[in-house]
Structure formats: structure tokens, C-alpha cells
Amino acid sequence: MNSEVLVRIYADGGCRGNPGPGGWGVVLQANGTERELCGSETNTTNNRMELTAAIRALEALTRTCTVDLHTDSQYVQKGISQWIGNWKRNGWLTAEKKPVKNADLWQRLDKLSSQHRINWIWVRGHAGNAGNERADRLANQAMDELQATLGAPRAR
């Protein structure tokens, strides 16, 4: 009998300007409980925030789990499930022999991913998926809070 916990994660990130102020949001669901996480950075990119959301979600897990990780980022979903093997074999260079963008975050995500059994699930963003919509709201909330502390006007 497998006593391993199944965790459902919805992770999303965004940016206002690219680069610009960004935020990430995560919804974790397991055993009938839920937890929300979010954060922000003052000068970042959309892709970095998408990766950060997945990283922070996996960092929140306290033991090995089976994970269904939902993301609306094909960059994250394809990167971790299709492209990363070649990047690692090529010394973190692309097929064009250029450095992989965000290699620092990809390496963190790769290490965290190896600790769990993860199904990387792409969902269409802003299409009514309740978990993805919540993660998006959390990312926007984090950006709103960041912009309020910086004295910048809020934009949606």
C-alpha cells in the first residue's frame, strides 16, 4: 500500500512590463486542506516568475510526494519535461550553443523535481480553471502589494 501523499499544485507567475515588477502565486491542495503562497520581485521577467512559482511550491513540500503540478506556462511545462535533459547534456547551453536563459532557476527546479514524482500539467491560462485563476489572483495580489510599497500606481 502506498501512503505517499498526492499534492495538487497550481502555480502561476506574471510581470507588469517584461522586465518589470513581478509576482508569483501558488495554491497547494492535499488531504482536504489548502495553502496559498505568493511573493514578488521588483525587477524580473514573466518566465522567471513562472519558474519561481513552481520552485516555491515544491520548496513548501516537507516530504516526498506525488504531485500534479498545473501551470499555464508552456515554457515551464515543456522546459522541465522536454528540454532540460538536452540543456544538462550540453552544459546548460541551448541547441544554438547559447546559455540557457534562467539557468539558475532551471537548476533549482531540476533539483527539487528529483525529490518527487511530478506530473507536469499545462492548463490554458484565463480559461476558467479555478486553481489556475486563484494562483493568478495571488500573483497579482503580490504585485499590487509590491507596487503599493514602491508607491507605483496599480495597473491590471
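**Close-up views of a predicted model**

A search of the whole structure, a predicted model, finds seven salt bridges.

**View 1. Arg-134 meets Glu-34 in a salt bridge.** The closest N and O atoms of this pair are 3.0 Å apart. Glu-34 is partly exposed, at a relative accessible area of 49%.

**View 2. Arg-134 also forms a salt bridge with Glu-36.** Here the N to O distance is 2.7 Å. Again the link runs between helix α4, which holds Arg-134, and strand β3, which holds Glu-36. The two residues are 98 residues apart. Glu-36 has a relative accessible area of 42%, so it counts as partly exposed.

**View 3. A salt bridge joins Asp-110 and Lys-88.** Their closest N and O atoms lie 3.0 Å apart. Asp-110 belongs to helix α3 and Lys-88 to helix α2, so the pair ties together parts 22 residues apart in sequence. Lys-88 is partly exposed, with 41% relative accessibility. Elsewhere, shared partners join Glu-34, Glu-36 and Arg-134 into one salt-bridge network.

**View 4. Five strands make an open sheet with mixed pairing.** The strand order is β3-β2-β1-β4-β5. Strands β3 (33-44) and β5 (117-122) form the edges, each pairing on one side only. Neighbouring strands are turned by 20° against each other on average, direction ignored.

**View 5. Strands β4 and β5 pair in the parallel sense.** Strand β4 covers residues 66-71. Six bridges connect the two strands. Within this pairing, Val-67 has Ile-118 of β5 as its bridge partner.

**View 6. Two helices lie across strands of the sheet.** Helix α1 (residues 46-59) lies across β1 (6-15), β2 (20-30), β3, β4 and β5. Its angle to β1 is about 155°. Helix α2 (residues 74-89) lies across β4 and β5. Helix α2 runs at about 140° to β5.

**View 7. Asn-140 contacts Arg-16 through its side chain.** Asn-140 is part of helix α4 (residues 130-150). The polar contact joins side chain to side chain at 3.0 Å. Asn-140 has a relative accessible area of 15%, so it is buried.

**View 8. A cis peptide bond leads from Asn-18 to Pro-19.** Omega is near 15°. Pro-19 is placed in the loop between β1 and β2. Most residues other than glycine have a negative phi, and most peptide bonds are trans.

**View 9. Asn-102 has a positive phi without being a glycine.** The value is near 65°. Asn-102 is found in the loop between α2 and α3 (103-113). Its relative accessibility is 14%; the cut-off for buried is under 20%, so Asn-102 counts as buried.

**View 10. His-126 is a non-glycine residue with positive phi.** Phi is about 55°. The residue lies in the loop between β5 and α4. His-126 reaches 60% relative accessibility, so it counts as exposed.

How values were computed. Residues numbered from 1 in each chain as written. Predicted model: local features only at pLDDT ≥ 70, side-chain atom pairs only at ≥ 80, totals over all residues. Heavy atoms only, no water. Pairing = 2+ DSSP bridges. Helix = DSSP H or I, 4+ residues; strand = E, 2+ residues; numbered from the N terminus. Axes fitted to C-alpha atoms, helices over the stretch in contact; angles between N-to-C directions. Contact = heavy atoms within 4.5 Å. Buried < 20%, exposed > 50% of the residue type's maximum accessible area, 1.4 Å probe, protein only. Polar contact = N/O pair within 3.5 Å; in protein donor to acceptor, adjacent residues only side chain to side chain. Salt bridge = Lys/Arg side-chain N within 4 Å of Asp/Glu carboxyl O.
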